[in-house]
Amino acid sequence: MVSEMLNKYCAKLFGKTGFIVEIGVIKKVTNRTIHVDWGPKTWIYQNKDFKWMPLDKEEFEKIYKKPKFSEGALNRAAELGLKITYN
C-alpha cells in the first residue's frame, strides 16, 4: 500500500466546482505521514488528514480535462509532463 502511492498525482479542487487549482506529487509515504510536493512547497499530512485520490499519470490525464484547470495548474501539469486535453 505504501509504495503504491509514491510518485502518484493528486489535485486540489476549488469548492464543489471541480476546478483544479493545484497539482501535487506524492514524494514520501510512511506509516503515519504522506509528503506531497505541490510545486512551490511540500506539505506533510497525517494519513488520516490526506483526502486526495492518488492517481497515476494515465488515470490523471483521463479523468481531468483542460477546461477545469487554472492557469497555474496547467503550468504545473506541463512542468510534470502531464498531457491535458479537452476531451
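How many salt bridges does the count come to by this rule? The count comes to three, where a salt bridge is a side-chain nitrogen of Lys or Arg within 4 Å of a carboxyl oxygen of Asp or Glu. Before the close-ups, a word on the model: it is predicted, so local features need pLDDT of at least 70 and side-chain atom pairs count only at pLDDT 80 or more, while totals for chains, interfaces and linings use all residues. Residues are numbered from 1 along each chain as its sequence is written, and side-chain values use heavy atoms, with hydrogens and water left out.

**View 1. Glu 22 and Lys 12 join up in a salt bridge.** The N to O distance here is 3.5 Å. Glu 22 sits in strand S2 (residues 19–29) and Lys 12 in strand S1, so this pair, ten residues apart, links distant parts of the chain. Strands and helices are DSSP runs (strands: E, at least two residues; helices: H or I, at least four), numbered from the N terminus. With a relative accessible area of 26%, Glu 22 is partly exposed. For these labels, buried means under 20% relative accessible area, exposed means over 50%, and partly exposed is in between (1.4 Å probe, protein chains only).

**View 2. Asp 37, Arg 76 and Glu 79 are linked in a network of salt bridges.** Start with the side chains of Arg 76 and Asp 37, which meet at 3.7 Å, N to O. That pair ties together distant parts of the chain: Arg 76 is in helix H3 (residues 71–80) and Asp 37 in strand S3, 39 residues apart. Now for the other link: Arg 76 also meets the side chain of Glu 79 in a salt bridge, at 2.8 Å, N to O. Both Arg 76 and Glu 79 lie in helix H3, three residues apart, or about one turn of the helix.

Which members of this trio are buried, and which exposed? Arg 76 counts as buried because its relative accessible area is 8%, and Asp 37 counts as buried at 17%. Glu 79, at 60%, is exposed.

View 3. Setting aside neighbours within four places in sequence, Asp 37 is in contact with Ile 23, Gly 24, Val 25, Lys 27, Thr 42 and Arg 76. Contact here means heavy atoms within 4.5 Å.

**View 4. His 35 is another residue of strand S3.** Its relative accessible area is 15%, so His 35 is buried. The side chains of His 35 and Thr 33 are joined by a polar contact of 3.3 Å. A polar contact is a pair of N or O atoms within 3.5 Å; within protein, one must be able to donate a hydrogen and the other to accept it, and residues adjacent in sequence count only if both atoms are side-chain atoms. Not counting residues up to four places away in sequence, His 35 touches Val 25, Ile 26, Lys 27, Lys 28, Thr 42, Trp 43 and Ile 44.

**View 5. Trp 52 in the loop between strand S4 (42–46) and helix H2 (57–63).** Buried or exposed? Trp 52 counts as buried, at 15% relative accessibility. Leaving out residues up to four places away in sequence, Trp 52 touches Cys 10, Ala 11, Lys 12, Trp 38 and Tyr 45. A polar atom of the Trp 52 side chain lies 3.4 Å from the backbone oxygen of Ala 11.

**View 6. The largest nonpolar core has 13 residues.** A nonpolar core is a set of buried Ala, Val, Leu, Ile, Met, Phe, Trp, Tyr and Cys residues joined through side-chain atoms within 4.5 Å. The residues with the most contacts inside it are Ile 20, Ile 23, Phe 60, Tyr 64, Phe 69 and Leu 82. S1, S2 and H3 are the elements that give two or more residues to this core, and S2 gives the largest share, three residues. Zooming in on Phe 69, and leaving aside neighbours within four places in sequence, we find it in contact with Phe 19, Ile 20, Ile 23, Phe 60, Tyr 64, Leu 74 and Ile 84. There is also a second, separate core of ten residues, including Met 5, Val 29, Ile 34 and Phe 50.

**View 7. Asn 7 has a positive phi, near 60°.** Asn 7 is in the loop between helix H1 (2–5) and strand S1 (9–14). Most residues other than glycine have a negative phi.
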